[in-house]
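Subject: A model for you to look at

Hi,

Here is the structure I promised to pass on. Please open it alongside this message, and have a look around before you read my notes.

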Amino acid sequence: MPSNRHVSEYAPVAPSSQRVRQPDDAPGAEWRRYSGDGGDSGHVATPPADASDTTAFHHANGVRPSSESDPPTATLLSNPNGSFVLRRGHAFSYAGLFLFTCVLYFRPYELFPTLASLKTLAFWTAMATLAVFFPSQFALEGNPTARPREVNIVMLFALTALLSIPLAISPGEAWDTFTDVFLKAVLIFIVIVNTVRTKRRLNGILFLAVAVSCLLSVEALRSYVSGTGVVEGYRATGTLGGIFGNPNDMAIHLVSVLPIMIALWFGTRNLIKKLVYGAVAAIIAVGVVVTFSRGAFLALAASAVVLIFKLTRHNRIFFVILLVVAAAAFVVFAPGEYTQRMATIFDRGSDNGSASQRWEILLRSLNIALHNPVFGVGMGNFHIVSIHELVSHNSYTQVAAEMGLTALTCYVLFMLTPLKRLRLIERETFTERRTSHFYYLAIGLQASLVAYMVSSFFGSVAYQWYVYYLVGYAVCLRRIYEAEIGREVGRLVETKVARAAGERGDDDGRGLSTGAGASQSVMP
C-alpha cells in the first residue's frame, strides 16, 4: 500500500512499529475522533491529564474548540492519513540547490568577464544537483518526491504543457520552450520542496533572494542617478541579465522579495537586525521605483494592502490611517517622472501608445485562448499569431493561449493553494506571534505571492523561475511548521504515556500490598 507519509528532520511522532490502537470507548477517544485520527495515523492524541496542559495540547494538535460546550475541531495542516515526519538527509542535494541558485541569480560569468567561458555553469550545476537528489530521495523515502498538493498541481501543469507540444503550430519551438526553462523550473521546485527541511536551510535560500535583490537595487539606483545603462531614457536596469534582463522582469523579482523583508523586520526583536532588515527593505523599495514598472507599482500597492491589513487585524482604523500615510509618503518621495508614468495606467493615450498596444495584445491573446481551449497553440507559439510578433505580456493569457484552459486552471491553483495553507499557519500561530518564526513569514509570503500574481498580469513570465521559488518557499515553511507541530505532539504523547504508566504502576503496587496484607490477616 503506498505511503502518504511526509518526511522531515525531526523524530517520528509514532513509528509504525510502535503504534497503539486504543478502543473507541477508551478515555480520550473523542479527542482522537475530532482530531481526525482514529488511531491509524500513528498519533495518539489523548487529552492531557492536567487542565493546565490543555492549551498546549490544543496548539500542538491544531485543535481550536469554538466554545466550552462544542467539540474541538481540527485545523492541523498535516496529512490526516499519516504522521508528518521529516528525516535528516539531502545535505548534498541542498548544497547543489544553493550553488545552482547562486549561479542563477548572480550569473558570475557576467559579473566577472574572465569567467565568460562558464556560461553553461547553471545547466551543469542543475544536472549535478538532480543527479544527487533523485538517488538520495529514493534512498531516504523510497519515492521520487514528497507529494504535497502543490507538487501534484505542478506535475499536472507540466503534463498539459507536454501534451500541447505535438499539436503546436511549431512543435520544435514548443519543445524548446518546454525544455529551456520551464522543465528546469519544475524540477528545481521539486528539489526545493524535498531538500529545504529546516529553518536554517529555508533562511539560507531566502538569503540568496534578498542578497541579489540588494545588488540589483543598488545597481539600478546607480544607473538611474548616472543616466548610464537606462532604457527609454530613464528606466534603470541592473548589471545582471537572465531573469533580470529588463526592468519589468527585475521589478517582478524585487516586488515579490520586498514583503519577505518586511516580514523579517516585524519578526525580530533584535535592534541590530531590525536596522539591517529595514535598510535592506528600503533599498529594495527604491529599486522597484527606479524601474518605473507599472505592473510592479500595482503589485507593490496590492502587497502593501495585504501586509497592513494582516498586521493591523485588530485595529482597522489604524490600518486605514497607515495605508493613507504610506501612499502619501510614496507620492512625495517618488521621482516626478514616476508619478507621470503611473498616471498612464489610467490614461492609455499618454504613453506613446505602449499601453494601448498591450491592450490590443491582451484582447488578441484572449481571443486565441477562447478559440483553442484544449491545448492552445503550443508553448512559446503565441507570437506567431500575435500582433507584430509580440508576446502576450500577461502570464495568465500566455498560459491560456499557449496551453489551454486546463493549464490555466493548474497555473492559478498552483498560486492559490499555498495562500490557503499560509493563512492556516498565520491563524494557528497568532497567539505566539511575538516568539514564533512562522507567523510573520507566513504573512510575508502571502503578500509576496499576491505581488507576483498582480505583477505577472503584465509580463509573460509563467515559465520563468519567480513563482516556482516563491511557492517552494511557502511549501517548505508549511512542512517545517507541521514537523514542529508533530514534534510537540510526540512530546505530549510521551509525557502522557509515561504518566499513565506511572499511575498504573502505583495502582498495581497498592493492590499487591493490600492483597499481601489481607493474606497475612487470615493466616493462623
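First, the ground rules. This is a predicted model, in which local features need pLDDT of at least 70 and side-chain atom pairs count only at pLDDT 80 or more, while totals for chains, interfaces and linings use all residues. Residues are numbered from 1 along each chain as its sequence is written, and side-chain values use heavy atoms, with hydrogens and water left out.

**Confidence**

The protein chain has a mean pLDDT (the predictor's confidence in each residue, from 0 to 100) of 77, and 76% of its residues reach 70 or more. Two stretches need care. Residues 1–83 have pLDDT below 50, and beyond near neighbours in sequence this stretch has 154 contacts in the model; contact means heavy atoms within 4.5 Å. Where pLDDT is low, the predicted coordinates should not be read in detail.

**Overall make-up**

The protein chain holds 19 helices and two strands. These are DSSP runs numbered from the N terminus, with helices being H or I of at least four residues and strands E of at least two. Of its 524 residues, 49% count as buried, where buried means under 20% relative accessible area, exposed over 50% and partly exposed in between, with a 1.4 Å probe and protein chains only. Among contacts between residues at least 6 apart in sequence, 74% join residues at least 24 apart.

**Cores**

A nonpolar core here is a set of buried Ala, Val, Leu, Ile, Met, Phe, Trp, Tyr and Cys residues joined through side-chain atoms within 4.5 Å. The largest one has 104 residues, and those touching the most other members are Tyr105, Phe182, Leu202, Tyr468, Tyr469 and Tyr473. Helix α19 (residues 466–522) gives the most to this core, with 16 residues. What does tyrosine 473 contact, leaving aside neighbours within four places in sequence? Its partners are Tyr105, Leu202, Ile205, Leu206, Ala209, Ile260 and Leu445. There is also a second, separate core of nine residues, which includes Ala263, Leu307, Tyr439 and Ile443.

**Pockets and cavities**

The search used a 1 Å grid over the protein atoms alone: a cavity is a set of points where a 1.4 Å probe fits but cannot get out, a pocket is an open set with protein on both sides within 12 Å along at least five of seven lines, and lining residues have an atom within 4 Å of a point. Grid points are joined across faces, edges and corners, and a volume is the space filled by probe spheres set on the points.

The largest pocket holds about 1500 Å³ of space. It is lined by 49 residues, and Ile262, Ala304, Leu307, Ile308 and Ala326 are the closest to its centre. The elements that give two or more residues to this lining are α9 (247–267), α10 (271–290), α11 (294–311), α12 (316–333), α13 (336–343) and α18 (439–455). Helix α11 supplies the largest share, 10 residues. By class, the lining has 35 nonpolar, eight polar and six charged residues; Ala, Val, Leu, Ile, Met, Phe, Trp, Tyr, Cys and Pro count as nonpolar, Asp, Glu, Lys and Arg as charged, and the others, Gly among them, as polar.

The second largest pocket has about 620 Å³ of space. Among its 31 lining residues, Arg358, His393, Phe457, Phe458 and Gly459 are the closest to the centre. This lining divides into 13 nonpolar, 12 polar and six charged residues.

Tyr105, Ala209, Ile260, Tyr469 and Tyr473 are among the residues that line the largest cavity. Its lining has 10 nonpolar, two polar and no charged residues.

**Two loop residues**

Valine 377 sits in the loop between α14 and α15 (382–385), and counts as buried because its relative accessibility is 6%. Its C-alpha lies 4.8 Å from that of glutamate 402, 25 residues away in sequence.

Arginine 107 is in the loop between α3 (91–106) and α4 (108–111). Is arginine 107 buried or exposed? It counts as buried, because its relative accessibility is 17%. Not counting residues up to four places away in sequence, arginine 107 touches Cys102, Gly241 and Gly242.

Best wishes
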